[in-house]
Amino acid sequence: MPILHETLSRLWTLDRDVLAIAWLSLRVSLTAVSIGLLLGIPLGALFAVARFPGRGALTGLLNAFMGLPPVIVGLVLYLVLSRSGPLGSLGLLFTPSAMIAAQATLATPLVAALTRQVVADAQVHLGEQLRSLGLSAPRQAGILIYDVRFSLVTAALAAFGRAISEIGAVLVVGGNIDGHTRTMTTAISLETQKGDLSLALALGLVLMSLVVVVNAAAALLRGHAARAYG
Amino acid sequence: MDRLRRSLLTVGLTLVLGLSAATAPASAEPSAIVVASTTSTEQSGLFKYLLPIFHEKTGIDVKVVALGTGQALDAARRGDADVVLVHDRPAEDAFVAQGFAKARRDVMYNDFVLVGPVSDPARIRGVGVREAFAKLAAAKAPFVSRGDRSGTHSAELRSWKEAGVDLASARGDWYRDVGQGMGPALNTASALGAYILADRGTWLAFKNRGDLTILVQGDPRLFNPYGVMLVNPERHASVKVKEGQAFVDWLVSPEGQNAIASYKIGGEQLFFPNAHAPGTR
């Protein structure tokens, strides 16, 4: 495989541009995941705890939204943020903020669905007790979230994996603008299109390393927290 | 509940930090314009060469969104670009006629090349464009089409028509409509050993050629002119007229034209300035 050798030698020549692109990818995806966690965890926990008509159907819908196609999210957001769209006056199209919004839209249902499952499982053990205390649904949700907090790291990592690796949404709403909205995935796609396959692969290795580092950091953090507060 | 509060606080702090890190650099942009352009100008590396020169002179940041010509014009119609730089004359004239731009300026041209496998099973090497396309259809030789409403796609469709080929009835398995940009289409052609119409700039910058080579070039029908237009601010108030006009003016100025002419790959000039060339409209 001569391309493998070429790829590895390209790794040494990657310049500051690549660092900036990698940083933008991280910045956008971590922010999107943070928003996803902020919205998705309470939403998912409430779904597990609250009893309301149509809950089963809505839960199914929530689970289905885990498979939301990124390119559709990108397209819908594009039409909304376009100058001719309802939020066009904000001028957000082709900015990192638009990419964050797109990835947050992908992350939120994923976090919510996974949280709902984890909280529902915890409820099997604790639910009876909580209900017998006469706590409101939000209070119950809060206690259960705290109870399963370490399991939610997995939900966060799944959301991060989905966000950092997707290209369909960021390409459409970001526009892959050099030095402005170019992320690792859109850069890899562009180099592939230009036929520079070894550079594309080298960028791919950088992206994979980023994902591994973030996952390792989360695992360390989780282990540390479990020992301290477990 | 103390622990819960503490962990919530941690999450909240992380969020605030993350958000501020994400939004801070994005908002500070004094003068930046969005140019909707084509994959050929982006992937050939022309903008990467031109924009720093323009920025140096004016301080204006140019953000290029590379799309097919049809898509680029649509984005500008929606008001999502300040300037368009594309290559499909009929579509550009329609854009002006519809009032989305007040004027179109010639900027530069390059040409299309008909590329195919070295073995050339359809035997089109060195013939004229019309004959080449007729032979390709007759031989049912594998052909990759952009199929994405780009300027190159339009040129390809015109070429079949001029060769007297009715694509609707002639197309079959040999005609692969990939619906992608120039680069991916070239990648596909390279993998299939297929024929393809490409703009010379992208071809010269393209690295994964396999055994593809130029078979037909130099026919006047392969002329590929690029035009630049400022989006009409009467249609979209968001258009940055001053900066956008500055970019258009610079591109057609002697300085901009020289910059275009001096962009080379491997000693070959990719685009030929023609803003003031006689005989062009």
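## A helix crossing in chain A

In this predicted model, the axes of helix 5 (residues 96-132) and helix 6 (residues 137-147) of chain A come within 10 Å, with a crossing angle of roughly 125 degrees. Helix 5 of chain A is therefore oblique to helix 6 of chain A, and the crossing is right-handed.

Let's look at who does the touching. From helix 5 of chain A come Val119(A), Ala122(A), Gln123(A), Leu126(A) and Leu130(A), and they meet Gln140(A), Ile143(A), Leu144(A), Ile145(A) and Asp147(A) of helix 6 of chain A. Sorted by class, the residues of this contact are seven nonpolar, two polar and one charged.

## The annotated stretch of chain A

An unreviewed UniProt entry lists residues 22-218 of chain A as "domain: ABC transmembrane type-1". Over residues 22-218, chain A is 77% helix and 0% strand.

## Two domains in chain B

Turning to chain B, the domain assignment gives domain 1 as 32-109 + 225-273 and domain 2 as 110-222. Taken over C-alpha atoms, the centres of domain 1 and domain 2 of chain B are separated by 26 Å.

Where the domains meet, domain 1 of chain B contributes 21 residues and domain 2 of chain B contributes 16 residues. On the domain 1 side, helix 2 (39-43) and helix 4 (69-77) of chain B each supply at least two residues. That side of domain 1 of chain B has eleven polar, eight nonpolar and two charged residues.

Note on methods:
Residues are numbered from 1 along each chain as its sequence is written. Chains are lettered from A and ligands numbered from 1 in the order in which they are written. This is a predicted model: local features need pLDDT of at least 70, side-chain atom pairs count only at pLDDT 80 or more; totals for chains, interfaces and linings use all residues. Domain bounds come from an automatic or database domain assignment. Two residues are in contact if their C-beta atoms, placed from the backbone, lie within 7 Å. Helices (H or I, at least four residues) and strands (E, at least two) are DSSP runs, numbered from the N terminus. Ala, Val, Leu, Ile, Met, Phe, Trp, Tyr, Cys and Pro count as nonpolar, Asp, Glu, Lys and Arg as charged, and the others, Gly among them, as polar. UniProt positions are given in the numbering used here, feature names are shortened, and annotations may be inferred rather than shown by experiment. Axes are lines fitted to C-alpha atoms, for helices over the stretch in contact, and angles run from 0 to 180 degrees between N-to-C directions. Angles under 35 degrees count as roughly parallel, over 145 as roughly antiparallel, 65 to 115 as roughly perpendicular and the rest as oblique. A crossing is left-handed if the near helix is turned anticlockwise from the far one by less than a right angle, and right-handed if clockwise.
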